[in-house]
Amino acid sequence: MRLLVSGGAGYIGSVVTGHLLEAGHRVTVLDDLSTGHRDAVPSGAEFVQAGIDQAGDVLSADFDGVLHFAAKSLVGESVTNPALYWQNNVEGSRALLEAMRAADVRRLVFSSTAATYGEPDEVPITEDAPTRPTSPYGSSKLAVDLMIGDYAAAYGLQAASLRYFNVAGAWNGLTERHTTETHLIPIALQVAAGRRDRLTLYGEDYPTPDGTCVRDYIHVADLAEAHVLAIAAARDGHVVYNLGNGSGFSVRQVIDCVAEVTGHEVPVVSGPRRPGDPATLVAAGDRIRSELGWAPRRPELRTMVADAWAGSR
């Protein structure tokens, strides 16, 4: 298939692009490089530097599908500047959907997020759980999920929204390198490498075994494999799939694992809970297992941390 990957110069988009190329697909990456990196685009992919609102200049009837990663994704920034998130994530996605309609390209895999669920009533979280985002970032992603559902019903779109939990690890040298890093594992690795003085524990009194938040982590290569399956299995309508391991690791477990893998101490300081941080977020992945046959092949936390450490060196 010939595929367009929007945001393919970012962490997840670049790894997915690499897996698509390995699967024999022809890939064009569309990225404005506002947060992505040109050298992250795997060899073999065509690259177009442009915004998501310019997808109509690239898409044509020769394309078989789109994998959409182009989005702003900093929760804190979304709280202070929600206009940016509604403009980029929602309006940008609508422009992409309109470009797909004009070119009669019907297959779509959308990079959604577990942030659409907000505070869960039950854990593990199923795809049928209530969606109550606690940030404009989560709200913008949910809005796109809903928009995709409407486009699928009205215009024959064949779409899947993949709701990630916490993505980690590296693949073929492609790793996280955000200007403003907010994810636990990269921050802990930066502390271990001496690039940060310490790590802040935001809350140590949660109702969890060690008092710190528990999160579901998924290896970025496992995530990419799910995208390859989802674009190939596209069918009429819109389906939502959770992507996670189905088990969680606490913040303290992650810190201990980073110290073990790197051989360096990870100093921590205590901080207050952050508003909207649920105690436990773990995915129920039964739907994608049964419908696409996908299951994580690298579920060990140590593997994710070791790969991320190797990729950051």
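Biologist: In this structure, is Asn-172 buried or exposed?

Modeller: This is a predicted model, and the term rests on relative accessible area, with exposed meaning over 50%. Asn-172 has a relative accessibility of 62%, and therefore counts as exposed. The residue sits in the loop between β7 (166-168) and α5 (184-192), and its phi is positive, at about 50°, although Asn-172 is not a glycine.

Biologist: Which value does phi take at Leu-33, and where is Leu-33 found?

Modeller: Leu-33 is likewise a residue other than glycine with a positive phi, here near 65°, and it is found in the loop that runs between β2 (26-31) and β3 (46-49). Because its relative accessibility is 24%, Leu-33 counts as partly exposed.

Biologist: Which residues does the cis peptide bond join?

Modeller: The angle to read here is omega, which is about 5° for the cis peptide bond that joins Val-123 and Pro-124. Pro-124 itself has its place in the loop between β5 (107-113) and α4 (136-155).

Biologist: How should I read the charge of Glu-176, and how far away is the nearest side chain of opposite charge?

Modeller: For a salt bridge, a side-chain nitrogen of Lys or Arg has to be within 4 Å of a carboxyl oxygen of Asp or Glu. Glu-176 is buried yet has no salt bridge, and the nearest side chain of opposite charge, that of Arg-196, is 10 Å away.

Biologist: With which side chain does the side chain of Glu-176 make a polar contact?

Modeller: Glu-176, which is placed in the loop between β7 and α5, makes a polar contact through its side chain with the side chain of His-183, at 2.6 Å.

Technical notes:
Residues numbered from 1 in each chain as written. Predicted model: local features only at pLDDT ≥ 70, side-chain atom pairs only at ≥ 80, totals over all residues. Heavy atoms only, no water. Helix = DSSP H or I, 4+ residues; strand = E, 2+ residues; numbered from the N terminus. Buried < 20%, exposed > 50% of the residue type's maximum accessible area, 1.4 Å probe, protein only. Lys, Arg positive; Asp, Glu negative; His and termini not counted. Polar contact = N/O pair within 3.5 Å; in protein donor to acceptor, adjacent residues only side chain to side chain.
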